[in-house]
Amino acid sequence: MDDSSDSVSVAIDMVPFGGKEFLVKTSRGSLSVFVCGDIEKPALITYPDVALNYMSCFQGLFVCPDADSLLLQNFCVYHIDAPGHELGANAISSDVPLLSVDDLADQVAEVLDFFGLKRVLCLGVTAGAYILTLFAMKYSERVLGLILVSPVCKAPTWAEWLYNKVLMNLLYFYGMCGVLKECLLQRYFSKELRYGMHGAESEIVQACLRLLDERQSPNVMRFLQAINRRHDLTGDLKKLQCKTLIFVGECSPFHAESVHMSTKIGRTNCTLVEVKACGSLVTEEHPLAMLVPIEFFLMGFGFQRQPHFATSSSNGSNPSSPSSQSCIAPELLSPEGLGIKLKPIKTRADIEL
């Protein structure tokens, strides 16, 4: 994964999750891209947060009820992992130049070129949300819309910069140690989920810890270093030409910055959805809370939940009737469907379709 080339090529390996993993060589190094779905459909690309890959960052969303009819039936999904974050990745050589956030955004453009994608919908989490926002600014004609989860848009504060420096030192000297993993869990999840009832870790946290153990420390350090050197996008947010949907957990350390970002984009092009009792990683902690807002967001682009004709015919309903074409599953309208412990989401703005 540490090669670089002026050309773009690919190595393909079948993986047991209903898709294919592509190793795309770009002018700035190699990237793993996991492709799910029919390539003839519109494209949805994802980019995960620091130290995560598509499985640990987006699996909760894509396997939850009704995600199939809403996302997988409408899109071909291209999961882009940060360099060296894919399963089984080798450590990137120290001789390979460090990439900037602009380099990472340009890599996304090269991935689109390889697959022949003209315009895409983007879904990113925190650091990945920053990369995709920067990509949307640099290649505005190629972005249909942005779905951002706990995004950041400012340059790091001195406190964040110093904190990230401590994390990079831990990675350098001790690798993926217990202290570092605890710091990352605080970045991803709410305290309620991390400790749960009687202080026991939830299954989501345990699965995340197992996947963190597989990360190559030098690769995580490189991504974290790029994010720690990010520049402020605030002044250019008004120039975003695409519709944007922002989710942020109420307990996320990036909550204030996500709210700031939504206000700078403006109500005309941006909707903010805050999720109660949730950390930054809404895609894993509260994925059901995302489905209804995403559904209405996609309706603005002409996408609708694909109907289950077998279900319609079995209950004798008319497929063209309003009830059979309802875009919102009844179970998602309950408090349980919108958040843990009957805590619903709250929206800060109405989306304009």
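Analyst: Start with a serine. The backbone nitrogen of N53 is 3.0 Å from a polar side-chain atom of S56. Bear in mind that this is a predicted model.

User: What makes the pair N53 and S56 a polar contact?

Analyst: The cut-off is 3.5 Å between N or O atoms. The N53 nitrogen and the S56 side-chain atom are 3.0 Å apart, so the distance falls within that limit.

User: Where is S56, and why is S56 called buried?

Analyst: S56 belongs to helix α1, residues 54-63. Its relative accessibility is 6%. Buried means under 20%, so S56 qualifies.

User: Which residues does S56 touch, leaving out those up to four places away in sequence?

Analyst: S56 touches L211, L281 and E284. Contact here means heavy atoms within 4.5 Å.

User: Is G29 buried or exposed?

Analyst: G29 is buried: its relative accessible area is 8%, and the limit is under 20%. G29 lies in strand β3, residues 29-36.

User: Why are α3 and α4 called roughly perpendicular?

Analyst: Helix α3, residues 101-115, packs against α4 at about 70°, with the axes 9 Å apart. The range for roughly perpendicular is 65 to 115 degrees, so α3 is roughly perpendicular to α4. The crossing is right-handed.

User: How do you know that α4 is largely enclosed by the rest of the structure?

Analyst: Count its buried residues. Ten of the twelve in α4 are buried, so the helix is largely enclosed.

User: How does the span of α4 compare with the expected value?

Analyst: Helix α4 covers residues 127-138. From first C-alpha to last it reaches 17 Å, close to the 16 Å expected at 1.5 Å a residue.

User: What about the whole protein?

Analyst: It has 14 helices and ten strands. Of its 353 residues, 55% are buried. Take the contacts between residues at least 6 apart in sequence: 76% of these join residues at least 24 apart.

Note on methods:
Residues numbered from 1 in each chain as written. Predicted model: local features only at pLDDT ≥ 70, side-chain atom pairs only at ≥ 80, totals over all residues. Heavy atoms only, no water. Helix = DSSP H or I, 4+ residues; strand = E, 2+ residues; numbered from the N terminus. Expected span 1.5 Å × (residues − 1). Buried < 20%, exposed > 50% of the residue type's maximum accessible area, 1.4 Å probe, protein only. Polar contact = N/O pair within 3.5 Å; in protein donor to acceptor, adjacent residues only side chain to side chain. Axes fitted to C-alpha atoms, helices over the stretch in contact; angles between N-to-C directions. Parallel < 35°, antiparallel > 145°, perpendicular 65-115°, else oblique. Left-handed = near helix turned anticlockwise from the far one by under 90°.
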